[in-house]
Amino acid sequence: TLVALAALAATSAFAQSSVQVVGTFDPSFAVAKNTLGSGVSYTNQFIRNNSQGTSQITFKGTEDLGGGLKANFLIENDFDAGKDARLGGTTYGNLGSGGGEVFLNLEGGFGKIALGAPNTPTLSAQAQNPFGTKIGGGFAQLNSGKVRNNNTVMYSTPTMGGLTAHVAYSNKTKDAASVTTIADITDVGLFYANGPLDVKLTSYKVSATPTVLAKTDNNLTAAYDLGVAKIGAASFTQKQTGVVDKQATQMFATVPLSGTWDLRASYGSVNDKTAANLDSKITAVGVKNSISKMTSLYARFVSQTYDNVAATGTKKTTTTLVGMQTNF
């Protein structure tokens with residue numbers, strides 16, 4: 001009888017929890033032409049990783065704790081779909097040894113509290129572009145890319161009338177050997193999604209250290225689905241000690257074509273207000289064919305230009321690629 005009761009209890013507990021293994025493969029064939037400030041050009045052909053999605057294997061799970069509470073976890077393991085780490089590829093080619101989102105959160109009527117290295121609210125704002133955070137979206141060029149931080153606590157409110165707020169705080173730490181300070185970071189986001197309108201506003205603040213000035217990055221993105229096309233715009237401002245040193249703007253659109261095809265385009269520019277005056281521009285156009293719920297084919301052309309670079313710096317890069325993404 002005791003054995004039967006124990007088995008029943010275990011079965012009941014298992015029924016209230018679940019674990020999933022999901023992932024993405026995203027290799028593409030790319031041809032990239034680079035022109036240096038000196039005028040010298042060279043071209044590379046290679047298998048590119050993460051042109052549309054992020055190649056990764058992810059474990060995620062949830063447990064119903066009762067009373068409206070849930071415990072959720074996520075462990076993401078990124079890898080390079082085109083390289084073996086043993087042959088000079090990235091070190092995260094081996095499962096469990098690489099980067100990715102990691103967190104445990106408690107969810108209830110109060111919202112969510114996550115601990116670990118969850119994606120930042122700013123990442124969600126910068127990923128509004130039809131190319132997301134990948135090549136052509138201008139993620140690093142326009143926005144200086146904010147993905148996630150270690151030692152983070154993040155609170156997300158329940159969604160009310162389409163409005164959700166997020167507050168993430170990454171703790172300040174010091175290295176014992178060099179006594180180097182890693183600044184604390186605060187990222188606040190206010191998201192509104194209702195019908196065809198999707199607006200995201202974030203402010204990412206890095207505190208000052210003895211050797212680095214305080215910095216604040218503000219992002220505003222808005223997208224509207226017209227039915228015949230989804231259009232959007234974004235604005236980015238970077239400040240150090242209250243002085244604006246970088247501004248960026250972006251426009252983008254996704255247009256459904258016949259069948260499972262769609263056309264995607266984006267244009268962005270950076271106004272560098274520092275003495276270096278490193279202005280830049282990025283233009284991207286591509287197509288995507290969602291051949292199933294899990295798999296898609298895509299092609300893209302991306303042009304990136306940079307002003308006032310050194311003779312050995314990259315002045316222009318044009319990339320043409322075709323790829324395939326499959327999820328499981």
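Two strands count as paired if DSSP finds at least two bridges between them. The exercises below apply this cut-off, and others where needed, to a predicted model.

**Exercise 1. Pairing of strand S1**

Task: Determine which residue in S20 is the bridge partner of Phe25, and state how many bridges join S1 to S4.

Solution: 
1. Strand S1 covers residues 17–25 and strand S4 covers residues 56–66; the two run antiparallel and are joined by eight bridges.
2. The bridge partner of Phe25 in S20 is Thr326.

**Exercise 2. Two hairpins**

Task: Describe how S15 is joined to S14 and to S16, and identify which residue in each turn has a positive phi.

Solution: 
1. Strand S14 (residues 215–225) and strand S15 (residues 230–240) run antiparallel, with 11 bridges between them. Within this pairing, Thr221 faces Ala234 in S15.
2. Four residues separate S14 from S15 in their hairpin, and Gly227 in the turn has a positive phi of about 95°.
3. S15 pairs with strand S16 (residues 243–256) over 11 bridges, in the antiparallel sense. Lys230 has Thr254 in S16 as its bridge partner.
4. The hairpin of S15 and S16 has two residues between the strands, and Thr241 in its turn has a positive phi of about 50°.

**Exercise 3. The largest cavity**

Task: State how many cavities of 30 Å³ or more the search finds, and which elements give two or more residues to the lining of the largest cavity.

Solution: 
1. Three cavities of 30 Å³ or more are found in the whole structure.
2. The largest cavity holds about 50 Å³ of space.
3. Its lining includes Asn219, Thr221, Ala234, Ser235, Gln250 and Phe252. Two or more residues of the lining come from each of H2, S14, S15 and S16.
4. Thr221 and Ala234, the opposite residues of Exercise 2, both belong to this lining.
5. By class, the lining has three nonpolar, eight polar and no charged residues.

**Exercise 4. Two pockets**

Task: Give the volume of the largest pocket and of the second largest pocket, and describe the residues that line each.

Solution: 
1. The largest pocket has a volume of about 720 Å³. It is lined by 33 residues, and those closest to its centre are Gly53, Thr54, Gly132, Thr133 and Lys134.
2. Helix H3 (139–143) is among the elements that give two or more residues to this lining; H3 provides the largest share, three residues.
3. This lining divides into nine nonpolar, 15 polar and nine charged residues.
4. The second largest pocket has a volume of about 210 Å³. Among its 14 lining residues, Glu101, Asn119, Met154, Ser156 and His166 lie nearest the centre.
5. Strands S6, S7 and S8 and helix H2 each give two or more residues to the lining of the second largest pocket, which comprises six nonpolar, six polar and two charged residues.

**Exercise 5. A nonpolar surface patch**

Task: Identify which residues make the nonpolar surface patch and which strands each supply at least two of its residues.

Solution: 
1. The patch, of about 550 Å², is made by Leu65, Leu106, Phe110, Ile113, Leu115, Val153 and Tyr155.
2. S7 and S8 each supply at least two of its residues; Tyr155 lies in S8.

Notes: Residues numbered from 1 in each chain as written. Predicted model: local features only at pLDDT ≥ 70, side-chain atom pairs only at ≥ 80, totals over all residues. Heavy atoms only, no water. 1 Å grid on protein atoms, 1.4 Å probe; cavity = no way out; pocket = protein on both sides within 12 Å on 5 of 7 lines; lining within 4 Å. Points joined across faces, edges and corners; volume = space filled by probe spheres on them. Nonpolar A, V, L, I, M, F, W, Y, C, P; charged D, E, K, R; others polar. Patch = residues over 30% accessible without salt bridge, like charges linked within 9 Å, V, L, I, M, F, W, Y side chains within 5 Å. Areas by Shrake-Rupley, 256 points an atom, 1.4 Å probe, with all protein chains shown as cover. Salt bridge = Lys/Arg side-chain N within 4 Å of Asp/Glu carboxyl O.
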